[in-house]
Amino acid sequence: MSVFEFLSVFNIFLSITASLGNALILVALHKETSLHPPTKLLFRCLAFTDLCVGVISQPLFVVFLLSSVTPGVNWKFIFCIDKLYKASSFILCQVSVFTSSAISVDRLLALLSGLRYRQVVTLPRVRAVITCFWLVGTLCGAMNFWNESIAFTVAFALTTFSVTTSAFSYAKIFRRLRQYKFQVQTAPQGQPNGRQTSLNIARYKKSVSSVLWVQLSLIACYIPFIVVVTLITYRGMPGNKLSEIAFCVTATLTYLNSSLNPILYCWRIKTVRLAAKDTINQLNCCKSF
């Protein structure tokens with residue numbers, strides 16, 4: 001079995017896990033009621049993009065891999081599939097990066113806004129932001145048909161901005177949490193609502209930790225691909241078989257992120273985990289009839 005055939009089989013497996021896992025998460029998020037609706041909408045957007053990766057981008061990528069190693073396949077067909085899977089990947093990956101960054105900003109606003117958070121972060125505003133994400137992502141995907149180098153440059157700049165925004169948000173969050181911790185330690189004992197404040201901060205820290213795991217997973221899966229594409233595009237990396245393998249392997253790693261996210265949701269967010277278990281139990285009950 002060649003490397004490309006192995007990657008094809010592995011991507012078929014990842015496509016199935018990403019599709020089923022994120023479909024389950026979307027159902028679980030629909031049932032989940034403890035999350036703030038705008039925050040839940042951001043998680044649903046992220047799960048939906050991961051679902052689309054499993055349903056659209058990865059099957060196209062598998063077709064491209066198999067057609068590339070199958071003798072006698074029309075080069076025009078390979079060219080079209082190449083453009084389609086790259087365009088869909090540009091769109092979905094860009095929206096995923098934007099959304100994960102927006103979730104980190106949402107957590108920062110929850111800390112800074114306090115009681116005004118529910119007036120600041122509303123469903124109409126989050127819907128408008130998500131719509132902008134999809135418009136920008138679609139623009140990047142359309143650029144791929146025109147010029148791949150320009151599309152990658154724009155996507156790289158937007159991804160860098162998003163990751164920088166997330167890093168700033170987490171730095172601000174942890175700095176403010178240290179200030180809260182110092183205030184609690186120096187506050188007089190028996191202060192009213194002190195215990196309730198500690199519980200709220202503990203719950204908030206857990207939610208930030210969950211979001212941070214999702215963000216770190218995305219960065220870890222995307223960095224190798226960004227490095228390889230940068231070398232190929234700007235450093236004149238030779239277009240030999242080794243570079244093709246490096247590109248396909250790191251592209252597969254970015255798709256892996258869509259299969260990891262459902263696991264992270266269930267591991268780090270208890271309410272989502274319980275809702276997912278409830279959904280699985282209901283499916284098992286339906287099968288028994």
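Helix α2 (residues 37-69) and helix α5 (residues 123-146) pack at an angle of about 25°, and their axes lie 9 Å apart, where axes are lines fitted to C-alpha atoms, for helices over the stretch in contact, and angles run from 0 to 180 degrees between N-to-C directions. This is a predicted model, in which local features need pLDDT of at least 70 and side-chain atom pairs count only at pLDDT 80 or more, while totals for chains, interfaces and linings use all residues. Residues are numbered from 1 along each chain as its sequence is written, and side-chain values use heavy atoms, with hydrogens and water left out.

**Packing of α2 and α5**

- The two helices, α2 and α5, are therefore roughly parallel to each other, a label given to angles under 35 degrees, with those over 145 counted as roughly antiparallel, 65 to 115 as roughly perpendicular and the rest as oblique.
- From α2, the residues P37, P38, L41, L42, C45, F48 and T49 meet L123, V126, R127, I130 and W134 of α5, contact being defined as heavy atoms within 4.5 Å.
- The residues of this contact of α2 with α5 comprise ten nonpolar, one polar and one charged, with Ala, Val, Leu, Ile, Met, Phe, Trp, Tyr, Cys and Pro counted as nonpolar, Asp, Glu, Lys and Arg as charged, and the others, Gly among them, as polar.

**Salt bridges**

- Five salt bridges are found in a search of the whole structure, each being a side-chain nitrogen of Lys or Arg within 4 Å of a carboxyl oxygen of Asp or Glu.
- Within helix α3 (residues 75-113), K86 and D82 lie four residues apart, about one turn of the helix, and their side chains meet in a salt bridge at 3.3 Å, N to O.
- The side chains of E148 and K83 form a salt bridge at 3.4 Å, N to O; because E148 lies in helix α6 (residues 148-186) and K83 in helix α3, the pair ties together parts that are 65 residues apart in sequence.
- E148 also meets K86 in a salt bridge of 3.3 Å, N to O, so that this pair, again with E148 in α6 and K86 in α3, ties together parts 62 residues apart in sequence.

- K86 is buried, with a relative accessible area of 16%, and D82 is buried at 12%, where buried means under 20% relative accessible area, exposed over 50% and partly exposed in between (1.4 Å probe, protein chains only).
- K83 is likewise buried, with a relative accessible area of 12%, whereas E148 counts as partly exposed at 30% relative accessibility.
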